[in-house]
Amino acid sequence: MPKTPPKNNLAGKEDPNIDLTLRPAEWDEYIGQEKIKDNLKTLLGAAKKRGESADHLLFSGPAGLGKTTLAYLVARELGGMIKTTSGPALEKAGDLAAVLTNLTPGEILFIDEAHRINPMIEEVLYPAMEARKLHLVVGKGPSARTLSLDLPPFTLIAATTRENLLSQPLRSRFGATLRLGYYTPDDIKKIVKRSAAILGVEAKPEAIDILSRASRGTPRVANRLLRRARDFAEVHGESVIDEDAARKTLAMLEVDEVGLEPQDRELLMTIIEKFHGGPVGINTIAAALAQDRGAIEDIYEPYLMTLGFLQRSSAGRIVLPAAYRHLKIKGYEELL
Ligand code: ADE
(Lines give C-alpha, C1' and ligand atoms only; values in the text may rest on other atoms or scores of the structure.)
Protein backbone atom coordinates (compact mmCIF):
# COMPACT_ATOMS: atom_id res chain seq x y z
CA MET A 1 0.00 0.00 0.00
CA PRO A 2 1.43 3.42 -0.89
CA LYS A 3 2.46 5.40 2.18
CA THR A 4 2.29 8.73 0.41
CA PRO A 5 -0.98 9.53 -1.34
CA PRO A 6 -0.58 9.69 -5.12
CA LYS A 7 0.17 13.13 -6.51
CA ASN A 8 -2.95 14.65 -7.96
CA ASN A 9 -3.46 15.32 -11.61
CA LEU A 10 -6.51 16.81 -13.29
CA ALA A 11 -8.46 13.61 -12.64
CA GLY A 12 -7.86 13.88 -8.87
CA LYS A 13 -10.64 14.37 -6.37
CA GLU A 14 -13.14 17.08 -7.25
CA ASP A 15 -14.45 19.90 -5.11
CA PRO A 16 -17.64 18.27 -3.77
CA ASN A 17 -19.87 21.30 -4.40
CA ILE A 18 -18.96 21.62 -8.04
CA ASP A 19 -19.14 17.89 -8.47
CA LEU A 20 -22.72 17.97 -7.24
CA THR A 21 -23.97 20.54 -9.76
CA LEU A 22 -22.59 18.64 -12.73
CA ARG A 23 -23.23 15.11 -11.51
CA PRO A 24 -26.08 13.39 -13.37
CA ALA A 25 -28.95 12.69 -10.98
CA GLU A 26 -30.93 10.48 -13.38
CA TRP A 27 -29.96 7.53 -15.58
CA ASP A 28 -31.05 9.45 -18.66
CA GLU A 29 -28.56 12.21 -17.89
CA TYR A 30 -25.65 9.80 -17.50
CA ILE A 31 -23.77 9.80 -20.78
CA GLY A 32 -21.67 6.82 -21.95
CA GLN A 33 -20.69 3.50 -20.27
CA GLU A 34 -23.72 1.97 -21.99
CA LYS A 35 -22.85 -1.61 -21.22
CA ILE A 36 -22.40 -0.92 -17.53
CA LYS A 37 -25.67 0.97 -17.34
CA ASP A 38 -27.47 -1.94 -19.05
CA ASN A 39 -25.92 -4.48 -16.71
CA LEU A 40 -26.83 -2.41 -13.68
CA LYS A 41 -30.40 -1.85 -14.79
CA THR A 42 -30.90 -5.61 -15.32
CA LEU A 43 -29.32 -6.45 -12.00
CA LEU A 44 -31.35 -3.85 -10.09
CA GLY A 45 -34.57 -4.72 -11.92
CA ALA A 46 -34.17 -8.38 -10.96
CA ALA A 47 -33.41 -7.57 -7.32
CA LYS A 48 -36.45 -5.29 -7.09
CA LYS A 49 -38.67 -7.95 -8.64
CA ARG A 50 -37.53 -10.48 -6.06
CA GLY A 51 -38.01 -7.92 -3.32
CA GLU A 52 -34.44 -8.42 -2.15
CA SER A 53 -31.49 -6.10 -1.75
CA ALA A 54 -29.17 -6.15 -4.75
CA ASP A 55 -25.91 -8.11 -4.79
CA HIS A 56 -22.80 -6.36 -3.53
CA LEU A 57 -21.10 -4.52 -6.38
CA LEU A 58 -17.52 -3.62 -7.18
CA PHE A 59 -16.83 -0.65 -9.46
CA SER A 60 -13.32 -0.44 -10.77
CA GLY A 61 -11.51 1.84 -13.18
CA PRO A 62 -9.37 4.97 -13.41
CA ALA A 63 -10.16 8.06 -11.31
CA GLY A 64 -12.80 10.52 -12.48
CA LEU A 65 -14.90 8.18 -14.62
CA GLY A 66 -18.05 8.35 -12.49
CA LYS A 67 -17.92 5.45 -10.03
CA THR A 68 -19.40 7.55 -7.22
CA THR A 69 -22.02 8.99 -9.56
CA LEU A 70 -23.10 5.48 -10.52
CA ALA A 71 -23.35 4.47 -6.85
CA TYR A 72 -25.72 7.39 -6.27
CA LEU A 73 -27.79 6.37 -9.29
CA VAL A 74 -28.03 2.80 -7.98
CA ALA A 75 -29.10 4.12 -4.58
CA ARG A 76 -31.74 6.27 -6.20
CA GLU A 77 -33.09 3.26 -8.05
CA LEU A 78 -33.28 1.28 -4.82
CA GLY A 79 -35.06 3.84 -2.70
CA GLY A 80 -32.58 6.67 -2.37
CA MET A 81 -30.66 5.81 0.77
CA ILE A 82 -26.88 5.74 0.77
CA LYS A 83 -24.09 6.09 3.32
CA THR A 84 -20.63 6.82 2.04
CA THR A 85 -17.18 6.27 3.47
CA SER A 86 -13.75 5.30 2.18
CA GLY A 87 -11.03 2.74 2.81
CA PRO A 88 -8.64 5.19 4.53
CA ALA A 89 -11.46 6.70 6.64
CA LEU A 90 -12.14 3.34 8.29
CA GLU A 91 -9.27 3.25 10.76
CA LYS A 92 -10.58 0.81 13.36
CA ALA A 93 -12.99 -2.13 13.20
CA GLY A 94 -15.26 0.01 15.38
CA ASP A 95 -15.51 2.65 12.62
CA LEU A 96 -16.98 0.10 10.24
CA ALA A 97 -19.18 -1.40 12.97
CA ALA A 98 -20.66 2.06 13.61
CA VAL A 99 -21.47 2.53 9.93
CA LEU A 100 -22.94 -0.96 9.54
CA THR A 101 -25.17 -0.77 12.60
CA ASN A 102 -26.57 2.56 11.43
CA LEU A 103 -27.73 1.26 8.05
CA THR A 104 -31.46 1.32 7.31
CA PRO A 105 -32.89 -1.78 5.59
CA GLY A 106 -32.18 -1.72 1.86
CA GLU A 107 -29.61 1.05 2.13
CA ILE A 108 -26.46 1.29 0.01
CA LEU A 109 -23.10 1.42 1.73
CA PHE A 110 -20.55 3.01 -0.60
CA ILE A 111 -16.87 2.50 0.23
CA ASP A 112 -14.54 4.49 -1.99
CA GLU A 113 -10.84 3.61 -2.36
CA ALA A 114 -11.63 0.07 -1.32
CA HIS A 115 -8.05 -1.06 -2.00
CA ARG A 116 -7.04 0.97 1.05
CA ILE A 117 -9.28 -0.90 3.51
CA ASN A 118 -7.05 -2.36 6.17
CA PRO A 119 -7.02 -6.17 6.58
CA MET A 120 -8.47 -6.08 10.10
CA ILE A 121 -11.47 -4.19 8.81
CA GLU A 122 -11.86 -6.61 5.91
CA GLU A 123 -12.35 -9.36 8.48
CA VAL A 124 -15.38 -7.46 9.84
CA LEU A 125 -16.67 -6.88 6.34
CA TYR A 126 -16.73 -10.54 5.23
CA PRO A 127 -19.47 -11.86 7.55
CA ALA A 128 -21.37 -8.59 7.08
CA MET A 129 -21.40 -9.09 3.31
CA GLU A 130 -22.08 -12.81 3.39
CA ALA A 131 -24.46 -13.34 6.27
CA ARG A 132 -25.38 -9.84 7.43
CA LYS A 133 -23.64 -10.54 10.72
CA LEU A 134 -21.44 -8.24 12.68
CA HIS A 135 -18.92 -10.04 14.88
CA LEU A 136 -17.35 -7.79 17.45
CA VAL A 137 -14.66 -8.76 19.90
CA VAL A 138 -15.36 -7.18 23.26
CA GLY A 139 -12.64 -6.99 25.90
CA LYS A 140 -9.07 -8.23 25.81
CA GLY A 141 -7.10 -11.33 26.77
CA PRO A 142 -8.79 -14.34 28.37
CA SER A 143 -11.99 -12.42 29.11
CA ALA A 144 -12.44 -11.35 25.44
CA ARG A 145 -15.76 -12.41 23.96
CA THR A 146 -17.32 -12.23 20.53
CA LEU A 147 -20.58 -10.43 20.21
CA SER A 148 -22.69 -11.23 17.19
CA LEU A 149 -25.27 -8.77 15.85
CA ASP A 150 -27.73 -9.08 12.96
CA LEU A 151 -27.49 -6.38 10.33
CA PRO A 152 -30.29 -5.11 8.10
CA PRO A 153 -30.24 -6.12 4.43
CA PHE A 154 -27.92 -3.76 2.54
CA THR A 155 -25.90 -3.55 -0.65
CA LEU A 156 -22.22 -2.75 -0.48
CA ILE A 157 -20.81 -0.82 -3.41
CA ALA A 158 -17.03 -0.66 -3.30
CA ALA A 159 -15.08 1.49 -5.72
CA THR A 160 -11.42 1.14 -6.56
CA THR A 161 -8.89 2.49 -9.01
CA ARG A 162 -6.63 -0.50 -8.26
CA GLU A 163 -8.65 -3.69 -8.57
CA ASN A 164 -5.51 -5.82 -8.50
CA LEU A 165 -4.70 -4.56 -5.00
CA LEU A 166 -7.95 -5.87 -3.54
CA SER A 167 -7.50 -9.08 -1.60
CA GLN A 168 -8.90 -12.19 -3.28
CA PRO A 169 -11.29 -12.98 -0.39
CA LEU A 170 -12.80 -9.50 -0.66
CA ARG A 171 -13.00 -9.57 -4.45
CA SER A 172 -14.77 -12.92 -4.44
CA ARG A 173 -17.58 -11.60 -2.24
CA PHE A 174 -19.03 -9.24 -4.84
CA GLY A 175 -21.92 -10.43 -6.98
CA ALA A 176 -20.68 -8.39 -9.93
CA THR A 177 -17.64 -6.36 -10.91
CA LEU A 178 -18.25 -3.46 -13.27
CA ARG A 179 -15.16 -2.07 -14.95
CA LEU A 180 -15.39 1.48 -16.21
CA GLY A 181 -13.22 2.41 -19.16
CA TYR A 182 -12.29 5.78 -20.63
CA TYR A 183 -15.14 7.56 -22.43
CA THR A 184 -15.25 7.87 -26.21
CA PRO A 185 -14.44 11.31 -27.68
CA ASP A 186 -18.11 11.62 -28.71
CA ASP A 187 -19.35 10.96 -25.19
CA ILE A 188 -16.87 13.44 -23.72
CA LYS A 189 -18.12 16.08 -26.14
CA LYS A 190 -21.70 15.42 -25.05
CA ILE A 191 -20.63 15.73 -21.41
CA VAL A 192 -18.84 19.05 -22.05
CA LYS A 193 -21.94 20.39 -23.83
CA ARG A 194 -24.20 19.28 -21.01
CA SER A 195 -21.91 20.81 -18.37
CA ALA A 196 -21.64 24.09 -20.31
CA ALA A 197 -25.44 24.30 -20.38
CA ILE A 198 -25.66 23.67 -16.63
CA LEU A 199 -22.96 26.27 -15.92
CA GLY A 200 -24.74 28.73 -18.22
CA VAL A 201 -21.72 29.33 -20.42
CA GLU A 202 -21.59 29.28 -24.21
CA ALA A 203 -18.78 27.32 -25.85
CA LYS A 204 -18.08 27.32 -29.59
CA PRO A 205 -17.95 23.90 -31.31
CA GLU A 206 -14.18 24.29 -31.98
CA ALA A 207 -13.60 25.05 -28.31
CA ILE A 208 -15.63 22.00 -27.28
CA ASP A 209 -13.52 19.86 -29.64
CA ILE A 210 -10.26 21.17 -28.21
CA LEU A 211 -11.28 20.79 -24.58
CA SER A 212 -12.74 17.31 -25.20
CA ARG A 213 -9.61 16.06 -26.91
CA ALA A 214 -7.51 17.14 -23.94
CA SER A 215 -9.85 15.50 -21.41
CA ARG A 216 -8.16 12.07 -21.23
CA GLY A 217 -11.52 10.36 -21.85
CA THR A 218 -12.41 11.42 -18.30
CA PRO A 219 -15.52 13.45 -17.41
CA ARG A 220 -13.92 14.93 -14.30
CA VAL A 221 -11.05 16.30 -16.36
CA ALA A 222 -13.47 17.56 -19.02
CA ASN A 223 -15.48 19.44 -16.42
CA ARG A 224 -12.36 20.96 -14.89
CA LEU A 225 -11.00 22.13 -18.23
CA LEU A 226 -14.39 23.61 -19.07
CA ARG A 227 -14.48 25.57 -15.81
CA ARG A 228 -10.94 26.84 -16.27
CA ALA A 229 -11.82 27.92 -19.82
CA ARG A 230 -14.88 29.72 -18.51
CA ASP A 231 -12.68 31.52 -15.95
CA PHE A 232 -10.24 32.43 -18.69
CA ALA A 233 -12.97 33.85 -20.93
CA GLU A 234 -14.53 35.79 -18.03
CA VAL A 235 -11.23 37.33 -16.96
CA HIS A 236 -10.66 38.46 -20.55
CA GLY A 237 -14.10 40.04 -20.80
CA GLU A 238 -15.49 37.40 -23.15
CA SER A 239 -18.89 35.85 -22.66
CA VAL A 240 -18.19 32.91 -24.97
CA ILE A 241 -15.46 30.24 -24.82
CA ASP A 242 -13.95 30.30 -28.30
CA GLU A 243 -11.07 28.40 -29.88
CA ASP A 244 -8.51 30.92 -28.65
CA ALA A 245 -9.75 30.76 -25.05
CA ALA A 246 -9.73 26.95 -25.14
CA ARG A 247 -6.15 26.82 -26.48
CA LYS A 248 -4.86 29.42 -24.03
CA THR A 249 -6.53 27.62 -21.12
CA LEU A 250 -4.71 24.42 -22.01
CA ALA A 251 -1.41 26.31 -22.40
CA MET A 252 -1.91 27.94 -19.00
CA LEU A 253 -2.49 24.54 -17.39
CA GLU A 254 0.45 23.03 -19.33
CA VAL A 255 -1.91 20.46 -20.82
CA ASP A 256 -1.21 19.55 -24.44
CA GLU A 257 -3.73 18.80 -27.17
CA VAL A 258 -4.07 15.11 -26.31
CA GLY A 259 -4.33 15.81 -22.57
CA LEU A 260 -0.77 15.10 -21.45
CA GLU A 261 0.20 16.96 -18.28
CA PRO A 262 3.76 17.85 -17.23
CA GLN A 263 4.02 14.64 -15.16
CA ASP A 264 3.09 12.48 -18.16
CA ARG A 265 5.74 14.15 -20.29
CA GLU A 266 8.30 13.84 -17.52
CA LEU A 267 7.56 10.13 -17.24
CA LEU A 268 8.01 9.56 -20.97
CA MET A 269 11.12 11.77 -21.20
CA THR A 270 12.74 10.03 -18.22
CA ILE A 271 12.34 6.63 -19.87
CA ILE A 272 13.60 8.01 -23.18
CA GLU A 273 16.56 10.00 -21.86
CA LYS A 274 17.72 7.93 -18.92
CA PHE A 275 16.79 4.43 -20.03
CA HIS A 276 17.02 4.53 -23.84
CA GLY A 277 13.24 4.31 -24.16
CA GLY A 278 13.04 1.11 -22.09
CA PRO A 279 12.36 -1.58 -21.25
CA VAL A 280 12.84 -0.37 -17.69
CA GLY A 281 11.28 -1.66 -14.47
CA ILE A 282 8.56 0.32 -12.72
CA ASN A 283 10.53 0.59 -9.47
CA THR A 284 13.47 2.11 -11.33
CA ILE A 285 11.17 4.65 -12.99
CA ALA A 286 9.54 5.49 -9.67
CA ALA A 287 12.96 6.09 -8.09
CA ALA A 288 14.15 8.23 -11.01
CA LEU A 289 11.01 10.39 -10.81
CA ALA A 290 10.89 10.41 -6.99
CA GLN A 291 7.26 9.38 -7.37
CA ASP A 292 5.16 6.73 -5.75
CA ARG A 293 5.01 3.59 -7.89
CA GLY A 294 1.27 3.37 -7.27
CA ALA A 295 0.68 6.87 -8.64
CA ILE A 296 2.55 6.01 -11.81
CA GLU A 297 0.64 2.76 -12.32
CA ASP A 298 -2.68 4.22 -11.28
CA ILE A 299 -2.78 7.72 -12.72
CA TYR A 300 -0.30 8.09 -15.55
CA GLU A 301 0.23 4.75 -17.22
CA PRO A 302 -3.38 3.79 -18.03
CA TYR A 303 -3.95 6.84 -20.20
CA LEU A 304 -0.50 6.68 -21.82
CA MET A 305 -1.22 3.06 -22.73
CA THR A 306 -4.59 4.02 -24.19
CA LEU A 307 -2.85 6.54 -26.42
CA GLY A 308 -0.39 3.86 -27.54
CA PHE A 309 2.47 5.87 -26.03
CA LEU A 310 3.62 3.29 -23.51
CA GLN A 311 3.72 -0.47 -23.26
CA ARG A 312 3.99 -2.67 -20.22
CA SER A 313 6.02 -5.79 -20.94
CA SER A 314 7.48 -8.49 -18.73
CA ALA A 315 10.89 -6.81 -19.14
CA GLY A 316 9.53 -3.40 -18.10
CA ARG A 317 8.04 -0.23 -19.56
CA ILE A 318 8.72 0.73 -23.17
CA VAL A 319 8.01 4.08 -24.83
CA LEU A 320 6.36 3.46 -28.22
CA PRO A 321 6.98 5.28 -31.54
CA ALA A 322 3.69 7.25 -31.29
CA ALA A 323 5.06 8.95 -28.16
CA TYR A 324 8.31 9.94 -29.90
CA ARG A 325 6.29 11.43 -32.74
CA HIS A 326 4.01 13.27 -30.34
CA LEU A 327 6.93 14.65 -28.33
CA LYS A 328 8.59 15.65 -31.64
CA ILE A 329 11.79 13.80 -30.88
CA LYS A 330 13.84 13.87 -34.04
CA GLY A 331 15.75 10.90 -35.36
CA TYR A 332 14.08 8.51 -32.93
CA GLU A 333 13.79 5.79 -35.59
CA GLU A 334 17.50 5.11 -35.15
CA LEU A 335 17.07 4.75 -31.42
CA LEU A 336 14.33 2.11 -31.63
N1 ADE B 1 -20.59 14.33 -15.53
C2 ADE B 1 -19.69 13.50 -15.06
N3 ADE B 1 -19.86 12.27 -15.59
C4 ADE B 1 -20.89 12.35 -16.41
C5 ADE B 1 -21.54 11.41 -17.27
N6 ADE B 1 -21.14 10.14 -17.38
N7 ADE B 1 -22.59 11.84 -17.97
C8 ADE B 1 -22.98 13.11 -17.87
N9 ADE B 1 -22.40 14.03 -17.11
C10 ADE B 1 -21.37 13.65 -16.39
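Tutor: What follows is a close look at one helix pair and an aromatic pair beside it in the discussion. This is a predicted model, in which local features need pLDDT of at least 70 and side-chain atom pairs count only at pLDDT 80 or more, while totals for chains, interfaces and linings use all residues. Residues are numbered from 1 along each chain as its sequence is written, and side-chain values use heavy atoms, with hydrogens and water left out.

Helix α11 (residues 262–275) packs with helix α13 (residues 293–306) at an angle of about 80°, and their axes are 11 Å apart; helices here are DSSP runs of H or I with at least four residues, numbered from the N terminus, and axes are lines fitted to C-alpha atoms over the stretch in contact, with angles running from 0 to 180 degrees between N-to-C directions. The two helices α11 and α13 are therefore roughly perpendicular, a term for angles of 65 to 115 degrees. On the α11 side the contact (heavy atoms within 4.5 Å) is made by Gln-263, Asp-264, Leu-267 and Leu-268, and on the α13 side by Ile-296, Tyr-300 and Leu-304.

Helix α13 also holds Tyr-303, whose partner Tyr-182 lies in the loop between β7 (176–179) and α7 (185–199), so the pair ties together parts 121 residues apart in sequence. Tyr-182 and Tyr-303 form an edge-to-face aromatic pair, 5.8 Å centre to centre with 75° between the planes; ring centres must lie within 6.5 Å to pair, and planes over 60 degrees apart count as edge-to-face. At 7% relative accessibility Tyr-303 counts as buried, meaning under 20% relative accessible area with a 1.4 Å probe and protein chains only, whereas Tyr-182, at 24%, counts as partly exposed, the class between buried and exposed, which is over 50%.

Note on methods
Angles under 35 degrees count as roughly parallel, over 145 as roughly antiparallel, 65 to 115 as roughly perpendicular and the rest as oblique. Rings of Phe, Tyr and Trp (its six-membered ring) pair if their centres lie within 6.5 Å; planes under 30 degrees apart count as stacked, over 60 as edge-to-face and the rest as tilted.
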